[in-house]
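Dear colleague,

I am passing on the structure below, together with some notes on what turned up when I went through it. Please read them alongside the coordinates.

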Amino acid sequence: MNAPQLTPHAVGLQVRGLRKRFGAHEVLRGVELEINPGEVFVLMGPSGSGKSVLLRHLIGLEKPDDGEIRINGEPLDSDGIMSRYRMAMVFQSGALLNSLTVGENIGLYLSEHRLKPPAEIARIVAEKLEVVGLKGIERKMPNELSGGMKKRAAIARALVIDPQLILYDEPTSELDPLSAVVIGEEILKLKERVHVTSLVVSHDRDLAFGVADRMAVINEGRIVAIGTPEEIKARPDPIIQRFLQADFKPNHRNHP
Amino acid sequence: MFQNIGEMVLLFWRTLLALPQTWRQRQKVFDQFFEIGNASLLMVCVLSFFIGGVLALQTGPVLVERGLAGAVGGLVGISMAKELAPVMMAILIAGRIGSAMAAEIGSMRVYQEIDALRTMNINPIHYLVLPRVVAIALALPMLVVFAILVGWLGGALVSIANERIVVSFGAFFGNLREVVDAADVANGVFKSFCFALIVGVVSCHQGLVTIGGPRGIGRSVTKAVVNSIVLIVIFDYVLTSILLR
Ligand SMILES: Nc1ncnc2c1ncn2[C@@H]1O[C@H](COP(=O)(O)OP(=O)(O)O)[C@@H](O)[C@H]1O
Ligand SMILES: [Mg+2]
């Protein structure tokens, strides 16, 4: 991480008119989004609004039906772009390879691309595990971990890539509040230390308002609001306000 | 079932293009190779012993009644080498190994592990398909050589022991060596190499196209095995008619 050639320059992301349909269901209906280099951008929205599908497009796992995605102005589908920019995604489920140990999972990028000798990889893996609070679990298998531990291991695996852009799909959705705070702090630390650009999809309002430089709300495949957290909070739009203020109020039913 | 043939041919082609990566992936090839051997050696042994035995049992008495006792060894020998060992072992491997490949890759697909590989810029064909196809293409021909030998032994033991046949060990293998030459064994081994490619490609392809959770994995496994067996039998006919020319 302190090797000078690895110092990442921040990348920005531009999304224009992105559309995607699965069968009869149009999931993304013209998404417009601009993410600035080095910022933490939070995307919120109800379940099924297309957040995960959008992330999958941004890392090249899905091909858009229409519209374009650019990284620092370069189209995402241009040749070799995936090897020129280091991007990582933390999947909602973690998506650790079940046949490998946690340590092998985290070191996979380095070992498969022969980027470091094994001893060095082991050191980096241990370091990243410590960062996410999972020190010493290298030898465990993914199915021995809880949902939250898997997610943190997945974050460690993303950090190993030393990414310029990290996409987090609901990074705190299965974590206890304490671990959620740790993840939020880690997102902020990464921003300051290596100037990484982060896109965080989350329902977790504490996390969202705690880490966001800017945020957007997506609903039914369209961005309905975008701005700083203060601007979003001040938006009168009922969709946004309902989403931001939804609270569990057990007494409502008794006192209509 | 044949709508996917084009995709499978494409996957096969991509796997061929990835062959230069084999050395890099050698550890995975070894792992898969030993897993195949481990999972199937005993079954190959039992199956081929009894296939050789039943061949002798069915043909021996008929031949002996007509005064052709001397032909038992050759008949068992050539059927085993050219047809039964390659086809039966390929079917066994489709059931035992092809199903496991489809299940493993299918679950990696469903649980987004393959997506995760792609985000790490790791090509799933290099990482998953190549080692499996190479390993099975190496392992099945070896298993078939072994199966041929065990099948012959099974045929010989039945010929000796069955009171309606009673051909000596020496006579059995004497005739076998007269009738079967190295080219016949090579013929069977070559066929098994082709069958191995079929099982490997069909199973990996089914794994990669799995959709829809655990039930999808089940469907993929079934399809992998059934499609492999159908293609093995069809290719067996095609290859045999080519090789007989
Ligand atoms: N591969 C796919 N095939 C068909 N439909 C899909 C696929 N992926 C996502 N969808 C649909 O797209 C919609 C948005 O999904 P998703 O982006 O996962 O929502 P969320 O915002 O909760 O992450 C859902 O209705 C989902 O069923
Ligand atoms: Mg989602």
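Please bear in mind that this is a predicted model.

In chain A, strand β1, which spans residues 13-22, is joined to β2(A) by eight bridges, and the two run antiparallel. Within this pairing, A:F22 stands opposite A:H25 of β2(A). Both strands belong to an open sheet of four strands, whose order is β2-β1-β4-β5 (chain A) and whose pairing is antiparallel. Because β2 (25-35) and β5 (74-75) of chain A stand at the edges with a single partner strand each, one side of each has no neighbour in the sheet. Helix α1 of chain A (residues 51-58) packs on this sheet, where it touches β1, β2 and β4 (66-71) of chain A, and its direction makes about 120° with that of β1(A).

As for the interface, 23 residues of chain A are in contact with 17 residues of chain B. The area buried between the two chains is about 1,700 Å², with carbon and sulfur atoms giving 52% of it; on the chain B side, B:R24, B:T119 and B:M120 lose the most area to chain A, together 35% of what that side buries.

Two salt bridges are counted between chain B and chain A, and one links the side chains of B:D115 and A:R56 at 2.7 Å, N to O. The side of chain B that touches chain A draws at least two residues from each of α3 (72-110) and α4 (113-119) of chain B, with α4(B) giving the most, six residues. By class, that side of chain B has seven nonpolar, four polar and six charged residues.

With best regards

Key
Residues are numbered from 1 along each chain as its sequence is written. Chains are lettered from A and ligands numbered from 1 in the order in which they are written. This is a predicted model: local features need pLDDT of at least 70, side-chain atom pairs count only at pLDDT 80 or more; totals for chains, interfaces and linings use all residues. Side-chain values use heavy atoms; hydrogens and water are left out. Two strands pair if DSSP finds at least two bridges between them. Contact means heavy atoms within 4.5 Å. Axes are lines fitted to C-alpha atoms, for helices over the stretch in contact, and angles run from 0 to 180 degrees between N-to-C directions. Buried area is the accessible area (1.4 Å probe) that two parts lose on being put together, summed over both. A salt bridge is a side-chain nitrogen of Lys or Arg within 4 Å of a carboxyl oxygen of Asp or Glu. Ala, Val, Leu, Ile, Met, Phe, Trp, Tyr, Cys and Pro count as nonpolar, Asp, Glu, Lys and Arg as charged, and the others, Gly among them, as polar.
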